[in-house]
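Reader: I have not seen this structure before. Please take me through it one question at a time.

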Amino acid sequence: MKDAKDFVATFILALVVYLFLTLASGIPMVEGTILWSLEELIMGLSVALIVAAVTSHILCRSKNFRMLNPARWLIMLVYTIPLFLEMVKANFDVAYRVITGRIEPAIVKITPDLKTDLGITILANSITLTPGTLTVEVDDEKSELYIHWIKVKDDPDEVISGRFVRWIRRFAE
Amino acid sequence: MIVLALVSIFMAISLIFNGLGVVGLHRFPDVYTRLHAATKCTTFGSIFMAFTVITYSGAMFYWSNDAKYLNMALHTLGAVVALLITNPTGAHAIARAAHRMGVMPKYAVKDELKEAR
Amino acid sequence: MNYADPLYIAVGVFMVYIIISAFRIFMGPTVADRAVAFDTINTLVVACMIGLGAAMWEILFIDIAIVYAVLSFVTTLYIAKYLEGGERK
């Protein structure tokens, strides 16, 4: 039963990605189909079947289907807005460091206390894209991240990851 | 007119930040700081190049109602997602490999990862 | 002036950037520096492809840019894996 659920989840994900990439292929050709031509639909279904058969045991390794809830995807989409604002800040910060050359680097340890793999991955990627920080090493068991910080300040936990952890808890845990 | 202004601004941002990333690649002293410049600036710059294309083709779709332009904008959005996911992860992989190889950060004030090993 | 001219100019500037970052591949004191420069060049090539795709209105270019981004990511991971394995006893 669990295996069937894996298979269906992977199948839907693969199909959605394929249909996203071939969106609007059918408009000029066939009047009956809404957005996709018949060929693309058949091709997408067969490719998604093959992908689901081969990789379903890799994608759903944790056997926990919380990401099937669409509300989590919606929050993830909203999360890109604060992330984008931080990216803008990060780029002006890097521009300032490139021009003045004023750096004081250190590698610090933070403990974000996130339990899921997806949450830690997204946190690590967000940290890499935000001002002056770069993830160097992840300790899976203890949920510790080692961060290269270009200009050290006090209290790394709150300054680096505080606002992201609060966001990521909402959709990844 | 607004579209033209937006497209020019986005393209200028893209060129400036990609240039800063490349300059930072040569100006910073060690691997980790170079990764800062290379990852953040080039990701941001390339995303803005994609935004240029999205804005332009979106406006073309609005004017001409040709599905080709919508298709273009959506595919470029896919490229943005691919860049956003793959680029920081690659930077993280290089940083980890560099630290395990024994390349230490220059001028570092403290190194808690080295103490943990 | 054709609408595509600024896009071609931007792509030309990106190519200059690629050449400048290629110097880091030759100069880089450690192997990791070379890997960083390689990663930068990959991102710039993706930006070039997006610009060219828009200039010529070829949707195929954008598809290839996506595939190139993912494949270059795999290459970077592979290089990183190789580097960290190289020093292991």
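Reader: How many residues does the contact take from chain A and from chain B?
Author: The model is predicted, and the residues come from its two chains A and B. The contact takes 32 residues from chain A and 36 residues from chain B.

Reader: Which element gives the largest share of the side of chain A that touches chain B?
Author: Elements that give two or more residues to this side include the helices α1 (2-21) and α4 (117-129) of chain A, and the strands β1 (106-110), β2 (133-139) and β3 (144-149) of chain A. The helix α3 (70-100) of chain A is also one of them. The largest share, six residues, comes from α3(A).

Reader: How do the residues of the side of chain A that touches chain B divide into nonpolar, polar and charged?
Author: Three of these residues are charged and six are polar. The nonpolar residues number 23.

Reader: Which strands pair with β3(A), and in what sense?
Author: β1(A) pairs with β3(A) over five bridges. β2(A) pairs with β3(A) over six bridges.

Reader: Which residue of β3(A) stands opposite K109(A)?
Author: The residue in question is also the bridge partner of E137(A) in β3(A). Standing opposite K109(A) in β3(A) is Y146(A).

Reader: Which residue takes a positive phi in the hairpin of β2(A) and β3(A)?
Author: This hairpin has four residues between the strands. The positive phi is near 55 degrees, and the residue that takes it is S143(A).

Reader: How many residues of β3(A) are buried?
Author: β3(A) has six residues and is mostly covered. The number of buried residues in β3(A) is five.

Reader: Which elements of chain C give two or more residues to the side that touches chain B?
Author: The contact takes 38 residues from chain C and 43 residues from chain B. On the side of chain C, 25 residues are nonpolar, seven polar and six charged. The elements that give two or more residues are α1 (5-27), α2 (31-56) and α3 (59-86) of chain C.

Reader: What pattern does chain C follow along the sequence?
Author: Chain C has three helices and zero strands. Read along the sequence, its pattern is α-α-α.

Reader: What radius of gyration does chain C have?
Author: The C-alpha atoms of chain C fill a box of roughly 60 × 25 × 10 Å along the principal axes. For a compact globule of 89 residues, the radius of gyration would be near 12 Å. Chain C has 16 Å.

Technical notes: Residues numbered from 1 in each chain as written. Chains lettered and ligands numbered in written order. Predicted model: local features only at pLDDT ≥ 70, side-chain atom pairs only at ≥ 80, totals over all residues. Contact = placed C-beta atoms within 7 Å. Nonpolar A, V, L, I, M, F, W, Y, C, P; charged D, E, K, R; others polar. Rg over C-alpha atoms; globule rule 2.2 N^0.38 Å. Buried ≥ 20, exposed ≤ 12 C-beta atoms within 10 Å, placed from the backbone. Pairing = 2+ DSSP bridges.
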